[in-house]
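Q: I have a structure open and would like to talk through a few of its details with you. Could we take it topic by topic?

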Amino acid sequence: MFYDSVLTYVRKVLKNDHIPSSILTEPYENLEMLDLGLRESLFRDFDKTEAFRIFTEHCAENTLYYCTDSYYCSYVVMLLPNPSRKEYFFVGPFTYVEINQKSFLSLTEELKVPSSLLPVLENYYYNLAFVGSENHFKNLMITLADTIWPEAPGYSVEMIEGNPWSVPHAQEFVTDVEQSYLLPMNIKALEERYDFENRCVQAVVQGNVSVIDQLSSYGNTIRFIPRQNNSLRDYKNYMIIINTILRKAAEQSAVHPVYLDRVSGKFAKKIEALTVIPDHTLEKEMLHKYCLLVRNYSLKGYSPIIQKVLNHINLNLTGDLSLKTLAVTFNISAGYLSTLFKKETGSTLTDYVNKQRIEYSILLLNATDLQIQTIASYCGIYDINYFTRIFKKFKGMTPKKYRELIQSR
């Protein structure tokens, strides 16, 4: 059809936001996806075919319909202009309401849902797509309607009032809770969430910064179980879990606990300081920082003794890091340490130490106004001439010239 490309684009946008959509053509198969199996799990003898007939029997051409049922689930339906057969574009369920523990219990009490079925609903809402910007969503639907009915004398937008799923004689709640608990949408959402977390772990283990945008786009749609009356507390609890998962992932790449603790501690403070739920930039920042941590400090692949030497150097730049002193510190011969260090790192021990000191000096030159002599001493080099010489060796200019360069930008 002439509108297929726009319809495909709209469905892709919806999918990225985890909002279900379906194109239903006679004989209307897969109807359980309309409410993602909720009512079949709650009620005995629920007839989804009859429910769909009732839902759509008043749907006219050139009309965009919105509705919200008694479970705070919202839907959009359009009768597509197909001359050969009836065809509906169906969006939902999703919710405009952020469900927390208080509103969840209030709703279940109002609907008289048995306590045995509360886990079914809790998991349902946990996996239900949340539309934070109703205006943005409706603009997307209007764009599609403008494309589908460009020649129409005018299409209308209507609300379906009341509960569109009212099927007579199908309101008795089920008692077989275990069968109801594993709704198809819950299983799928759990699989997706665990897959997302596993991909985050792999990205951090590999220090793969390039996949962060892809992962965080999915993370934008992650929901968390409404366990508290306070949605912010729910969010903080989830972010504490993510912080721990990413820290353990970085640990797998032999990053020293000192660096792990610095980063995880920083994010722990950020999480607790939140006063509103942010726009998911925190998750992206966490992924980025932990990936960089692995790229900069991973010692995976080095022998245990060289790991210890490298960590000692990186954590004690102002100390005596001569070959002789390090050999004594780790109870090995200087000759063996020199040979092994060069073999595993590709650098002499002296060059490695000097490079780490110069990298730290660059950080101080960029971030502070300290005198160059002071910066040199903070890096463990107390001879300013020697500091200038090795700085020029690694950076191609003197520290003074480097500072002038960054200050002129």
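Q: To start, which helix is Thr350 found in?
A: Bearing in mind that this is a predicted model, Thr350 is found in helix 16, which covers residues 349–367.

Q: And is Thr350 buried or exposed, or something in between?
A: Thr350 is partly exposed, as its relative accessible area is 46%.

Q: How far apart are the C-alpha atoms of Thr350 and Leu321?
A: The two C-alpha atoms are separated by 8.3 Å, although Thr350 and Leu321 are 29 residues apart along the chain.

Q: Changing topic, how do the axes of helix 11 and helix 12 cross?
A: The axes of helix 11 (residues 257–273) and helix 12 (residues 281–297) come within 11 Å and cross at roughly 170°. Angles over 145 degrees count as roughly antiparallel, and helix 11 and helix 12 are therefore roughly antiparallel to each other.

Q: Which residues meet there?
A: From helix 11 the contact takes in Tyr259, Leu260, Val263, Ser264, Lys266, Phe267, Lys270 and Ile271, and these meet Leu282, Glu285, Met286, Lys289, Tyr290, Leu293 and Tyr297 of helix 12.

Q: How many of the residues in that contact are nonpolar, polar or charged?
A: The contact of helix 11 with helix 12 has ten nonpolar residues, one polar residue and four charged residues.

Q: Now salt bridges: how many are there?
A: The count comes to eleven salt bridges. One of them joins Glu50 and Arg53, whose closest N and O atoms are 2.7 Å apart.

Q: Where do Glu50 and Arg53 lie?
A: Both lie in helix 3 (residues 48–56), three residues apart, which is about one turn of the helix. Glu50 counts as partly exposed at 26% relative accessibility, and Arg53 also counts as partly exposed, at 41%.

Q: What about Arg199 and Asp195, how are they placed?
A: They are four residues apart in helix 8 (residues 184–206), so about one helical turn separates them. Arg199 forms a salt bridge with Asp195, with the closest N and O atoms 3.1 Å apart. Arg199 is partly exposed at 33% relative accessible area, and Asp195 is partly exposed at 37%.

Q: Are Asp35 and Arg39 buried or exposed?
A: Asp35 counts as buried because its relative accessibility is 4%, and Arg39 counts as buried at 2%.

Methods. Residues are numbered from 1 along each chain as its sequence is written. This is a predicted model: local features need pLDDT of at least 70, side-chain atom pairs count only at pLDDT 80 or more; totals for chains, interfaces and linings use all residues. Side-chain values use heavy atoms; hydrogens and water are left out. Axes are lines fitted to C-alpha atoms, for helices over the stretch in contact, and angles run from 0 to 180 degrees between N-to-C directions. Helices (H or I, at least four residues) and strands (E, at least two) are DSSP runs, numbered from the N terminus. Angles under 35 degrees count as roughly parallel, over 145 as roughly antiparallel, 65 to 115 as roughly perpendicular and the rest as oblique. Contact means heavy atoms within 4.5 Å. Ala, Val, Leu, Ile, Met, Phe, Trp, Tyr, Cys and Pro count as nonpolar, Asp, Glu, Lys and Arg as charged, and the others, Gly among them, as polar. Buried means under 20% relative accessible area, exposed over 50%, partly exposed in between (1.4 Å probe, protein chains only). A salt bridge is a side-chain nitrogen of Lys or Arg within 4 Å of a carboxyl oxygen of Asp or Glu.
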